[in-house]
Structure formats: structure tokens, C-alpha cells
Amino acid sequence: MAQEKLLVIIPTYKEIENIEKMIHKVMSLSSGFDLLIVDDNSPDGTAQVVESLIDKYQNRLHLLKRAGKLGLGTAYIAGFRWALDRNYLRIFEMDCDFSHNPDDLENLLITSVEGSDLVIGSRYVTGVNVVNWPIGRVILSYFASVYVRWITGMPVKDATAGFVCYHEKILRSINLDKIRFIGYAFQIEMKFKSWIRNFTIKEVPIIFTDRKEGQSKMSGSIVKEAVFGVLSLKISSLFGKKD
């Protein structure tokens, strides 16, 4: 039997401090993940580092360069399309800054193989597993997920999580042209659209460690998009709109 095709998608913008270490780490994992870096024209040379390593990891490391900083959601959508065009079976999202431990990719994969369509690396499924975040940001993130559960009814403890594994059938079922949000609301929207399509969702516990190098991409506009985006998602679903 041919080995399943597995792809990890990592969006980057100014990740020069982390990118090489992250590539080597993902490539070292025993399950044989392929890796796609989606870089938004980082001015610090992030894409050039990726290019310098492509020959080393032949046919496993890939780079998708975009014209500028176009948002997290659109980066993942571009990565999803790239993956589906190449018939990857399981597609993973994760950050470049080591806030997501690459070793946990193996746990997400095991849970997916056991039958879950969407697997979420969850900070909150067994309490609050966050390291090095200011208390204000922990509270904001935790209660954002409480708010999402209250508004949508979706039984997910970590709705804004960006460490996930999708079975390809989810991504093929969703009209990616109709995804509306580009910040953290993108993560909520994708989970919500998976849930209302009755795909199975499983959360596995992870420990989230705030970045040690590079700069956070969090902003007030991203939080605002998430708050009001959830309401619009729920209202649309009440009118039978799955797209």
C-alpha cells in the first residue's frame, strides 16, 4: 500500500529567526510529512532560506511565494488549493514560531487515522495549557472560545486554534471561494463549516508556548473580526447557508 500523502502548511511573514529550525524539525519526524511554506514576501529573507533548503529535502519541501502580506486565512486557502491539486490526504496547519510543538503533529496524525475528520491541537480541552502568555491574552483567548461555543453551539473548546489536521474530504466539501475571514475568525469559520457539515471533530491536548523569537502578528482588528464574524456565521447558518 502506498504511503498516505501528508502535508503541513506553514504561513510565514518575517520568520527569519525560526524558519530554518522549523523546517529541519518537521522534516525529521518519522511519519514523513511534506512541508509547504506560504510566504507573503517577507522582507527579511524568509523565502530565501526556504529556497536554500529545497534541494536538501527533495520533493518534500515546497515554497509558495505571494506578492505581499495578504492575511492568514488567504495564505491557508492558497495552501489548501495547492494540497488538493496534488491529492494530499491529510492537511495540517501550524505556526512557524514553535508555539506549536512540531512533535505534536504525530498525535494529530494518529487521531486523524483513527477516524476523526478534523483534529484540533487544543489549548483548552484539559484546562488552560498556555506557557509565557500575559494573563490578559490568556483570558482573551479562553473567553473567545467560550463566546464562540455560546453563540454557535459548536462543541469545540479551542475554536481559534491554528494547529489542526483536516482530512481532504472536508476541504473538498467547503467552497473555499466563500471563506470570508482572514484573521483568527478564519480558524473559527473553518471549524464551524466543518461542524455544520457533520464531520467528526476531535480535540487533542497540546501545550502552547508563546514565541521566543520574532514578532507576534496579533492586532486589535483581528480580535474585532473574530467577535463580529462569529455572529455573522451563526446568522447565516440559521438561514440554511452553509457557504
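The legends below describe close-up views of aromatic rings and of a helix pair in a predicted model. Residues are numbered from 1 along each chain as its sequence is written. In this predicted model local features need pLDDT of at least 70 and side-chain atom pairs count only at pLDDT 80 or more, whereas totals for chains, interfaces and linings use all residues, and side-chain values use heavy atoms, with hydrogens and water left out.

**View 1. The ring pair of Y76 and F80.** The structure holds nine aromatic pairs, a pair being rings of Phe, Tyr and Trp (its six-membered ring) with centres within 6.5 Å. The ring centres of Y76 and F80 are 6.2 Å apart and their planes lie at 20°, so this pair is stacked (planes under 30 degrees apart).

**View 2. Helices α3 and α7.** The contact, meaning heavy atoms within 4.5 Å, is made by L72, G73, Y76, I77 and F80 of α3 and by F186, Q187 and M190 of α7.

**View 3. Charges over ring faces.** K5 lies over the face of Y88, at 4.5 Å from the ring centre, and R123 lies over the face of F208, at 5.3 Å from the ring centre; the criterion is NZ of Lys or CZ of Arg within 6 Å of the ring centre and within 35 degrees of the ring normal.

Conventions
Rings of Phe, Tyr and Trp (its six-membered ring) pair if their centres lie within 6.5 Å; planes under 30 degrees apart count as stacked, over 60 as edge-to-face and the rest as tilted. Helices (H or I, at least four residues) and strands (E, at least two) are DSSP runs, numbered from the N terminus.
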